[in-house]
Each structure stands twice: as structure tokens, then as C-alpha cells.
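This briefing takes up a cavity and its lining, and then a pair of packed helices.

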Amino acid sequence: VLRATGQEALVLKAREALDVPKDSIVKAVEKCGPRVAVADVAALSGLDMREAQEGVARLAILVGGDLEVTNDGDIVYNFPPDVRRALLASSSTARAREAWEKVAPTLFYIYRTSFGVLLVASIVVSITVLTLANSSRNNDDDRDDGGYSGGGGGGLMFNPFFNPYGMAFDLFFYRPYYGYYSYNSDPLNYYGDNYQEKREPQMGWLEGAYSVLFGDGNPNAQFPAEQLRAAAAVIRANGGAVVAEQIAPLLSPPDVEGVDEETIVDESFMIPVLATFGGVPKVTDSGDIVYVFPELSATAVEDYDRAGRALGFSSWEDVEDLEPYELARLAQDWGVARGKRSMPRNEVEDKLHDAALERLDEAAQSASLTGLKEAQVPFSVAPTSILVITVVLSVINLAAVLQLGQLLGAAAVVFPRAPATEALLRKVFPFMLAYAVTLNAIPPVRWLLNRRSNKKIRERNSRRERWAARLRLAGRSTSEAGERVARKLAAAGRMAEGLKVLGRPDEIYYSTKEDTTERINKDELDKFDRSLGAGEER
């Protein structure tokens, strides 16, 4: 009851909040289904339990979700089937966020291409001024000589459009999703019906300047959340009790010398997972540490519904509604109906249920056995041709700007007939020079830093792989380290209590769907009936 009271206070606090919950919470609710527990959302979003609790409560208020309290004080939330549509209908902030997510790629595309536009503009301005100044000097010389000298402007000639039929159109080819910022595979068959592969859009060379300067985003930006989600999946797959060796391949642990050596390792890398998911370390009689996560071991999703979703349906009821031939085909696809012997429908469904849950557990455990991998950060995702064009243009721009600076510094007046234009040029020149120097100086520095960063990524990946190898050899190795890991795993298995399914109909003490007065009257009548029964026994 006290926990329920605290939840109601949290709901009142959320009602006063103006912020909509994070999109990761909305996605977690969509994936879990309309009926969720806070632990379900925390496990799928990678958020800590408190943040997930506040976000789910706020979402329930905004979309009109219902809250159920079990006899043990646990909380289950019921949401509308289409929770995102309900959120957009009830919150102007959510609608504004949705609109921003739609327009942001276009704005960011404009921002990226502005660096290429500045590069082209700087080249055009510099070369034009130099050409006009050179032409003006030649005309003055011709007048002084009293004749005409053929050949005209001389000077530096440059055509920024290397391929006027291809590159000119490629300048404005809109592709806001390149790189690691917000790219998603384009589902449209851009190259015709005979081309089935989904190709990642290539950037144009106007975007190349930005890519060379700043790169294309961090491919590991979501890796910390991915680590926590993977850790939560392993914890839940093991019944809420794990050892450090199972979680280490998912985090950033210290190195180990080898899988067969007696190595005492500092397990402080487990602290973020403990703090996020409310874990508690317990010491066994053998002195080993097992980490237990009672809060994360709760779920509002029944095993049958989990199995149904693993099979590709929204719930187990959809599996039960399949026609016999559809069920038989599904059983064959999952390898549970081999041979010619026909099985009763309930036996086929039970085998599908067990196979689906087993595959879910195997998928959750696989990350521990292989180790999570951080992606290498490329210098640029631009094609080599775009990089070459950008570098060449950057060098040409720097040479032209330096020559322009020499011209402006040598002559007090360059264009006596256009003083306003010359004044504007002298004001803009420092910015042109700064941009030209920056575009040529930053990329080498960024390349060195990027190389050092990738070396650290490879080292972290190697450490995770060694921890995963250590876990794989547990129980199969005769070394003391292997035996110790096997002993710890056995202790964790004894402490595991499995997932606790919340909110079964006979466990609900209070629901916001029910009228409070009717609930109180029902409780009083039940109490009166129990007292009458006790009196009759006496």
C-alpha cells in the first residue's frame, strides 16, 4: 500500500510536468505491448529504474493509461493499443517533437551543405577578383603601350564543375540521412524493379567539406544504452542473478591475462549496472560475489505472450487462432514438427512455446558469449572520389585566398571604380582566410585523433572478447580460473528466482479502472464474510 501511495504521488508530480517522456520509453511500451511493468521498460530502453518509473507514469497520465496495484504492492500499467497516436493526440509538446524530428534532417542537410557552398563561393570570389585585377593590369599596360595584346585575362582559370552533366546535378541531390546522424535504409527501390539491394544514399561533394572537417557522427553514440539493454536481457534470461563474468563482455571491464590463469579482477565495472537496475551484490559461502536484481526480475508480459511475439505475432492468442495448415507450416519453420508423425494441436503449440522462449534466452545470452563490439569510427563515410574533390578544392581555395590576401595587402586600392565592393571584400577577407586555413588544418588533426580513438576501441573490443572466451571455457577448463567461474555460475543459478509475472487477475488489489467506492464496499463485505465464517467455526 505504501508503494502504491508513493506511485500515486509520483503520478501527481508527473501531471504537473510539461515534458513528454523520452522516445525510448514510448518505443519500449510499444514493443512490450499495452500492459507493462516498469522493469520491462527499463530493460528495453536501457534507462535506470527511477527514470523509467517517472517516464512510464508521465506517459500513463498523458495517454489516459490505467494503473493496477497487486497484493504485494507492485505496479502494472495498461496503455492504449496505439500509445504513440494517443500521445500525439493529447500532448502539443509531443506533436512539436514529432514535427521537429521530421524537419530536423532537412535543416541539418542545409547546415552541412553550407560548408560546401562557402567553399565554392570562396573559390569563385577569389578567382574572380584575381582575374579581374589581372585583366585590369593588362588593360592598363595595353593603354600604356598604345596597342592591344591578345590573350585577354590570363591568370588562374578554374572550373569547379568537373563533370557538368553529373556533378552539377549532384550538387543538389537531397540526401539528409547519410552518415551516423539519422540514416535509415531507404525502403524505396530507387534503381528500378530489377535492383533489389537497398543502397545507402551517397553524399554529394557539397557535403564533403563538412564531412572532411567534422566527420559524419559517432556510430557508437547509442552504444552505452545498448550495453545496458544487453545487460538487462542477460540478467532477465538468467532469472535475475548473474556473476561479473556474464556481464563483463557487455561493458568496459579491465583486461584479463588469459582464460586459464588465476586472475583476481576488480569488479567495480558492475557498479553502473547495479545502480541502473537496482542490483544487490551477495557473497556466497565460498567467497564469490553474485549480483541479484529483484526489481528487474518483474514483468507484466506472460510467457505465452513473450513466445507469441518471438514467433512474430502480437500475442499468443494470434497463434491459437491460426488455421491447422498455418500452424503446421509455422511448426515446420521452427523445426518442431519433424517427421511424418502427426501431433495434437496442443502438443504443437507447447513445442512452439518452448522453442520460442528458448530462442529468446539464447539470443539474450549470445552477447555474453561473443562480446559486444564497438564500431570503428571512419574518417569520413564519403566515397573516395568525393574526398579527393573536397581536398583538391580545399587546397585550391587556400592558394587562391592567400594570393588574394597578397593582392589586397600590396595595393591600397584594387578597384578604384568600385570602392564599395572593395570595402566589402576587405571586410569579408579575414573570414575567407580563416575558413580556408581551418579546412586545411583541422582534417589532419582529426585524422590523428580518430586513429587514436579507433585504437582504444579495438583494445576495448579485445578485452570483451577475452572475457567472453573466459566465460565460454567455464566448466570445460581444468584451471582454477575456469573452476571458479563454473562455481560462481552454479551459485547464481541457485539464487535465480526467474521472472515474476505481475498483475494476474487474482493478484490485483486496486485498479484505476474500478470505482474506488465499490472497491471499498467489496473489501468490507469480504471482511464481514470472513468474520461470519470465523464465528460459525467457534
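A cavity here is a set of points, on a 1 Å grid over the protein atoms alone, where a 1.4 Å probe fits but cannot get out, and its lining residues have an atom within 4 Å of a point. This is a predicted model, in which local features need pLDDT of at least 70 and side-chain atom pairs count only at pLDDT 80 or more, while totals for chains, interfaces and linings use all residues. Residues are numbered from 1 along each chain as its sequence is written, and side-chain values use heavy atoms, with hydrogens and water left out.

**Cavity**
- The structure holds one cavity of 30 Å³ or more, and the largest cavity has a volume of about 50 Å³, a volume being the space filled by probe spheres set on grid points that are joined across faces, edges and corners.
- The largest cavity is lined by Asp-23, Arg-84, Leu-87, Leu-88, Ala-94, Arg-97, Glu-98 and Glu-101.
- Helix 5 (83-90) and helix 6 (92-145) each supply at least two residues of this lining, and the largest share, four residues, comes from helix 6; helices are DSSP runs (H or I, at least four residues) numbered from the N terminus.
- By class, the lining has three nonpolar, no polar and five charged residues, where Ala, Val, Leu, Ile, Met, Phe, Trp, Tyr, Cys and Pro count as nonpolar, Asp, Glu, Lys and Arg as charged, and the others, Gly among them, as polar.

**Helix packing**
- Helix 14 (residues 324-333) packs against helix 15 (residues 345-370) at an angle of about 40°, with their axes 10 Å apart; axes are lines fitted to C-alpha atoms over the stretch in contact, and angles run from 0 to 180 degrees between N-to-C directions.
- Pro-324, Leu-327, Leu-330 and Ala-331 of helix 14 make the contact with Arg-345, Val-348, Glu-349 and Leu-352 of helix 15, contact meaning heavy atoms within 4.5 Å.
- This contact of helix 14 with helix 15 has six nonpolar, no polar and two charged residues.

Terms used
1 Å grid on protein atoms, 1.4 Å probe; cavity = no way out; pocket = protein on both sides within 12 Å on 5 of 7 lines; lining within 4 Å.
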